[in-house]
Amino acid sequence: MCTLEKRGNIFLLTLTGADEHRLHPNLIDSLAAALRRLRSEPASSSAALITTAQGKFFSNGYDLKWALVDKARPLLMSKKLRALVYDLITLPMPTIAAVTGHASAAGLIFALSHDYVLMRKDRGFLYMSELDIGYKIPIWFSALFKCKVGSPAVWREVVLKSAKMTAEMGVEMGIVDSAHTGAEETVEAAVRLGEELVSRNWDGKVYADCRKTLYVELLNSLGSDETVGDYGEEEKPNKTLSRL
């Protein structure tokens, strides 16, 4: 599922195995457990998290094959991912996604839930596939995208053209912070960035509070209990998750 490795004040969270790392509830639960452990065992008052993945994929999005069997499953999967995104937004340290393979749909949203996105340029695409596969993009996906990317022209390219973006295209569009030659180099660059951020010795709680203020529109949208795919009716959105 995933591993959490401590390297001084840097934590490396790795999605393990060579599969597509689809966001099945079991994988989301594993990631959430790692973040709970991280909160309970801080390296110091200042630390940073790097998330990466083994294999060809960073994450290929929701596990739709599992979800679309019955009406309850999409809601469960959405609820768990929204809670995971909330955990990342409120985590008391800087976060970096080292994208070493394809990041599609909810997998791209997972990457964008980090403060920084670094990506390998020799393999992998960023891709919002909803239009191509015939599914409506959830409102909270849009809220996150608008918090992270400032250009409406980029929103149109990504959502309404389903562009498959390389790392270098992502840099040009303001989605990716930097592009690197391979997987190892991408993780190494993420570690360097993490160490640079840690060296500022910021208070983690203050950092999280500033992030929550910056992304308040996203946090407010996370109460939306939207389905994925063709199943179910949207429930009346709550203002916030119960934990906010």
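Me: Is Asp115 buried or exposed?
Reply: This model is predicted. Asp115 has a relative accessibility of 17%. Buried means under 20%, so Asp115 counts as buried.

Me: Is Arg211 buried or exposed?
Reply: Take the accessible area again. The relative accessibility of Arg211 is 3%. The limit for buried is under 20%, so Arg211 counts as buried.

Me: How many salt bridges does a search of the whole structure find?
Reply: Lys205, Asp209 and Lys212 are linked in a network of salt bridges. For the whole structure, the search finds nine.

Me: Which helices hold Asp29 and Lys80?
Reply: The side chains of Asp29 and Lys80 meet in a salt bridge of 2.9 Å, N to O. The two residues are 51 apart in sequence, so the pair ties together separate parts. Asp29 lies in helix 1 (residues 25-40), and Lys80 lies in helix 3 (residues 72-89).

Me: What relative accessible area does Lys80 have?
Reply: Start with its salt-bridge partner, Asp29. Asp29 is partly exposed, with a relative accessible area of 33%. Lys80 is partly exposed too. Its value is 24%.

Me: Is Lys161 buried or exposed?
Reply: Glu157 counts as partly exposed, at 25% relative accessibility. Lys161 has 55%. Exposed means over 50%, so Lys161 counts as exposed.

Me: Why is the pair of Trp140 and Phe141 edge-to-face?
Reply: The ring centres are 4.8 Å apart. Planes over 60 degrees apart count as edge-to-face. The planes of Trp140 and Phe141 stand at 90 degrees, so the pair is edge-to-face.

Me: What is the order of strands in the open sheet of four strands?
Reply: Its pairing is mixed. The edge strands are strand 4 (57-59) and strand 9 (164-165), and each pairs on one side only. Strand 8 and strand 9 pair in the antiparallel sense over two bridges. The order is 4-6-8-9.

Me: Which ring does the charged end of Lys164 sit over?
Reply: Lys164 is in strand 9, and Tyr127 stands opposite. The charged end of Lys164 is 4.9 Å from the ring centre. The ring is that of Tyr127.

Me: What distance separates the C-alpha atoms of Lys121 and Ser178?
Reply: Lys121 is in the loop between strand 7 (116-120) and strand 8 (126-127). Residues that Lys121 touches include Ala179 and His180. Lys121 and Ser178 are 57 residues apart along the chain. Their C-alpha atoms are separated by 9.3 Å.

Note on methods. Residues are numbered from 1 along each chain as its sequence is written. This is a predicted model: local features need pLDDT of at least 70, side-chain atom pairs count only at pLDDT 80 or more; totals for chains, interfaces and linings use all residues. Side-chain values use heavy atoms; hydrogens and water are left out. Contact means heavy atoms within 4.5 Å. A salt bridge is a side-chain nitrogen of Lys or Arg within 4 Å of a carboxyl oxygen of Asp or Glu. Buried means under 20% relative accessible area, exposed over 50%, partly exposed in between (1.4 Å probe, protein chains only). Rings of Phe, Tyr and Trp (its six-membered ring) pair if their centres lie within 6.5 Å; planes under 30 degrees apart count as stacked, over 60 as edge-to-face and the rest as tilted. A charge sits over a ring if NZ of Lys or CZ of Arg is within 6 Å of the ring centre and within 35 degrees of the ring normal. Two strands pair if DSSP finds at least two bridges between them. Lists of a residue's contacts leave out its neighbours within four places in sequence.
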